[in-house]
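Student: Could you help me read a protein structure? I would like to learn what to look for.

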Amino acid sequence: MIRAQLVRALTFSFKAMTRTLALELFKEMVSRPEDRIDLDLAALLIALDEYPNLNVRQYLKEIDGLAAKISSQMEFSAEARPIDAIEKINQHVFEHAGFRGNSEDYYDPRNSFLNEVIDRKTGIPITLSLLYMEVGKRLGLHFQGVGMPGHFIVKCLHQSLEIFVDPFNQGEILLEEGCKKKLKQIYGENFQFEPAYLNPVNKRQILSRMLNNLKQIYVHLEDFSKALRAIEKILLITPDAPDEVRDHGTVQYKLGNFGQALKDWTHYLELQPLASDAQEIRSRLASIGRMLAFRN
């Protein structure tokens, strides 16, 4: 299903969207080859699970509109003059449209949903970066996501120069030294920088990181049903990720689904028999086994 067909289908069915259909659409998207994954649409499909009445097409138009306004103010090619184009993006997105990083309520789950970021004009580094990348793509710029430890930014390659942009901080333009400084601000002067921290991440990794943020937030809030939904989507991207299989079992256990927890933890030990928490998981399995035997 190509992008236009999927968007049309969503237009006609969004009012009656079921969670099962939302998951199937997300699965179809993340099963594609990397160059055919639509990052903006995939992010909105994550949101569709949370907001079943979401008008996906309207939010895609919002991103189109941001890019169109910037394009109308550019009398040059973005590809030929990327720094000038970045400055135009920053001027419109942050100064005129008013997007900003939500440092006041960083762990609000709404910061991880692209529709909420567009509506509220605030978000966390990864969702603001995703929006920035999609606006840039519409202008002819190729941005890549960079998943630094604890902070997500984007980079643009121009000839032999890597230009980094921090959308959470009003589109601050950085070179490698600026990225090192930022990480030391986060982790302290003794932080050991590795060049690999500036490597690009692919679209599946971006989506997994967004979902992992949601998982962690919902686990902290003890909203295990929503945490489970985030983990289910991560497992659609990486089906046998050991930690996610384990966490799926843990959340199922919290929800009282002991049979499913037993299956998940058994599978986890098959994947990671020498895991550091293997003995703890085996103890949990024994406990569930006794509990289920007692019920019978």
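Predicted model: local features only at pLDDT ≥ 70, side-chain atom pairs only at ≥ 80, totals over all residues.

Student: Which residue does D277 meet in a salt bridge?

Tutor: The general idea is that side chains of opposite charge can pair when their charged atoms come close. Here, the side chain of D277 meets that of R246, at 3.2 Å from N to O. This pair links distant parts of the chain, 31 residues apart: R246 sits in helix α11 (residues 242-254), while D277 is in the loop between α12 (258-271) and α13 (278-295). R246 counts as buried too, at 19% relative accessibility.

Student: Which residues are joined with R246 and D277 into one network?

Tutor: K215, D243, E244 and D247 belong to that network as well, through salt bridges that share partners.

Student: How many salt bridges are there in the whole structure?

Tutor: A search finds 26. K137 and E134 both lie in helix α7 (residues 125-138), 3 residues apart, or about one turn. Their side chains meet at 3.1 Å, N to O. K137 is partly exposed, with 43% relative accessible area, whereas E134 is buried, with 4%.

Student: What separates K180 and E176 in helix α8?

Tutor: About one helical turn, because they are 4 residues apart in that helix (residues 176-187).

Student: Why is helix α3 described as largely enclosed?

Tutor: Count its buried residues. In α3, 11 of the 12 residues are buried, so the rest of the structure largely encloses this helix. Among them are L39, L44 and D49. The helix covers residues 39-50 and reaches 18 Å from its first C-alpha to its last, close to the 16 Å expected.

Student: Which residues form a nonpolar patch on the surface?

Tutor: Look for I83, L161, I173 and L175, which together have about 320 Å² of accessible area. L161 is in strand β5 (residues 161-166) and counts as partly exposed, at 37% relative accessibility.

Student: And how many helices and strands are in the protein?

Tutor: You will find 13 helices and 7 strands. Of the 296 residues, 47% are buried.

Definitions and conventions. Residues numbered from 1 in each chain as written. Heavy atoms only, no water. Patch = residues over 30% accessible without salt bridge, like charges linked within 9 Å, V, L, I, M, F, W, Y side chains within 5 Å. Areas by Shrake-Rupley, 256 points an atom, 1.4 Å probe, with all protein chains shown as cover. Salt bridge = Lys/Arg side-chain N within 4 Å of Asp/Glu carboxyl O. Helix = DSSP H or I, 4+ residues; strand = E, 2+ residues; numbered from the N terminus. Buried < 20%, exposed > 50% of the residue type's maximum accessible area, 1.4 Å probe, protein only. Expected span 1.5 Å × (residues − 1).
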